[in-house]
Structure formats: C-alpha cells, structure tokens
Amino acid sequence: MPQRPNDLRPWESREALFGSELRHYREVAGFSCLQLSQKIPYAKSTISAVERAESGCDRKMAVEADRALDARDALTRLWDGLFKGVGAVPTWFTDWFKREPDAMHIRSYQPLAVDGVLQTPAYATALLDGNEGAADTRMVRQKILTRSEPEPPNLLCVIDESVLYRDIGGRGVMRDQLGHLVALSSHRVRIQIVPCVQHGGLSGPFVIGTFAGGNEVAYRDGVLRGETTVDREDIIRLGEIFALIQAHAYPLGQSIELIKRVAAEKWS
C-alpha cells in the first residue's frame, strides 16, 4: 500500500520536495527529461526517478541541473538546505549517511583503511586524527549491523591486503582492529582480502547499496571529499569493477585466516 504523506520519514519528504522543484524548473525551461539528460551527465530514467522521489539526488546533480536549466543556483541551495551535514557528518557524506540504514545489501571496497562500519573506536579515532565526534558518528553507523528491526543488511566488504599492515594507532589498536574483523565475520558480514596485485579498484574506495525495490546508490571516496551518486551508468560500472576486484580476492575462510595470521605475526 502506498505511504500517505504523513507516514513518510523526514528524508523521504525532503526527497519529494526536491523532486517537485526539479520538475518545476525543468518544465519552466521547456525541457523533457530526455532533453535534460542530454545536457547533464545523468540518464533520463535517473532524472525521472528523482522527480518522483523514487530515488535520491546527489549534490552534483543539483549543480548540473542548475546550470542546464538556468535556475540561478536555486536547486543547489535547496539541496544544501535539505541535506546539509548532520552533527559530525561532513556535508558531502550526508547523502550516503542518510541512506545507509535503509540498505538491504552493501558491497564495499576499501583499499586504504578498514570500512567505517567495521572500525573499532580506537582505530576510528586514530584514523580521524583524534576527532572523537566523528569517531562517535561512525560507531552510530555500525548499529545497522547489530539491530534486530529492521533486519540488518548483508555486507560484503573487500579490503586490500595492505590495510592489514598499515599502522593506524599503533600495535595494540591494529591487533584489536584485526581481531574485531574476525569476530564480526558471519553469514551477514562477509569479509574478503584482495592481495596486493593490479586490479580494477586502484582508483579508490567505493560502496554500493541496494535498497527495497532494487534501487541502488553508490558512494565514492575522494582525496578531499566523497560523492554519492544515483546515476545508473556509474553504478553499473562500479558493480563491474567490484566484481573484478572480488575475482582477485581470497575466499572467505582463507581471508579470515590471513587476518588472524597478520594480527599474530605483525601486531602481537
């Protein structure tokens, strides 16, 4: 049964507001969804889904639509007002932060550090240069893995082998972090290690979330900031890259044994 407006969660209401404004400015400009898709790097289906509030919109899409529709930054300002940072969450991470709890399946590739939802408090604090507020936010994110309702997501995380050897916080922090990975490993939290070889994921970390109805959203990390995207072509390409990376990874059991061995030999 479709949800009534009063049943919508806050972020869903914001999505609906943004979608209606995007449609308004598109129609004022006299563009169809197809015509707009030819002027910005997003597919017609993506634009239509955003306007119907069936899919989210990243900030880049708002910026691109402003330019193409001559909306004088109205859509960008609206996006910032609706989806600005929450607490210790950077503005550019807010979109993924709000969506992550609703994901049913998450595929994560991490070549530089342990995924945030798998980090210990000490590892997170060291990685964030002592920013306890940001570290606490990561601990809040991790509740999706242990909640009883709704059902926790299935997480498949592929981590580069070099992460196991990278000193973040010292010997004790690393030993506890690797032990934490072993303890978390289950039928819902699957961790694979990919050896230090050339593969398709050398350009940086990313996460792909699959939601009810099969909708997918991806988050890509960058040097200065990250970016959430709902662009179908981008997500398809990231899925192909993830599959290529996973093809090089050790099997699940072998990966956990490697984590145990590194913890004992390197960090004990």
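This is a guided tour of one structure, stop by stop, with what to select and what is there.

**Before you start**

The model is predicted, so local features need pLDDT of at least 70 and side-chain atom pairs count only at pLDDT 80 or more, while totals for chains, interfaces and linings use all residues. Residues are numbered from 1 along each chain as its sequence is written, and side-chain values use heavy atoms, with hydrogens and water left out.

**Stop 1: the sheet**

Helices and strands here are DSSP runs numbered from the N terminus, a helix being H or I over at least four residues and a strand being E over at least two. Two strands are said to pair if DSSP finds at least two bridges between them. In general, strands of a sheet pair through backbone hydrogen bonds, either parallel or antiparallel.

Select the six strands, which form an open sheet in the order β3-β2-β1-β4-β5-β6 with mixed pairing. Its edge strands are β3 (189-194) and β6 (227-229), each of which pairs on one side only. Neighbouring strands of this sheet are turned by 15° against each other on average, direction ignored; for such angles, axes are lines fitted to C-alpha atoms, for helices over the stretch in contact, and the angles run from 0 to 180 degrees between N-to-C directions.

**Stop 2: β2 and the strands beside it**

Next, select β1 (residues 105-110) and β2 (residues 154-160), which run parallel and are joined by six bridges. Tyr109 has Val158 of β2 as its bridge partner, and Gln110 stands opposite Ile159 in β2.

Is β2 enclosed or open to the outside? Seven of its seven residues are buried, so β2 is largely enclosed by the rest of the structure, where buried means under 20% relative accessible area, exposed means over 50% and partly exposed lies in between (1.4 Å probe, protein chains only). Both faces of β2 are covered, with Asn154, Leu156, Val158 and Asp160 buried on one side and Leu155, Cys157 and Ile159 buried on the other.

**Stop 3**

Move on to β4 (residues 206-210), which pairs with β5 in the antiparallel sense over five bridges, and find Ile208, whose bridge partner in β5 is Ala218. The hairpin of β4 and β5 has five residues between the strands, and in this hairpin Gly213 takes a positive phi near 85°. Four of the five residues of β5 (residues 216-220) are buried, so this strand is largely enclosed by the rest of the structure.

A second hairpin, of six residues, joins β5 to β6. These two strands run antiparallel with three bridges between them, and Tyr219 has Thr228 of β6 as its bridge partner.

**Stop 4: a pair of helices**

Select helix α10 (residues 171-184) and helix α12 (residues 252-266), whose axes come within 9 Å and cross at roughly 160°. That makes α10 roughly antiparallel to α12, since angles under 35 degrees count as roughly parallel, over 145 as roughly antiparallel, 65 to 115 as roughly perpendicular and the rest as oblique.

Which residues make the contact? On α10 they are Arg171, Leu178, Leu181 and Val182, and on α12 they are Ile256, Ile259, Lys260, Val262, Ala263 and Lys266, where contact means heavy atoms within 4.5 Å.

**Stop 5: Arg166**

Go to the loop between α9 (162-165) and α10, where Arg166 has its place. Arg166 is partly exposed, with a relative accessible area of 33%. Leaving aside its neighbours within four places in sequence, Arg166 is in contact with Pro111, Leu112, Met174 and Trp267. The C-alpha atoms of Arg166 and Leu112 are separated by 8.4 Å, although these residues are 54 apart along the chain.

**Stop 6: backbone details in the loops**

Most residues other than glycine have a negative phi, and most peptide bonds are trans.

- Asp73, in the loop between α4 (59-69) and α5 (74-83), has a positive phi of about 65° although it is not a glycine, and at 47% relative accessibility it counts as partly exposed.
- Asp129, in the loop between α7 (121-127) and α8, has a positive phi near 55° and is exposed, with a relative accessible area of 75%.
- Pro150, in the loop between α8 (132-141) and β2, is joined to Glu149 by a cis peptide bond with omega about -5°.
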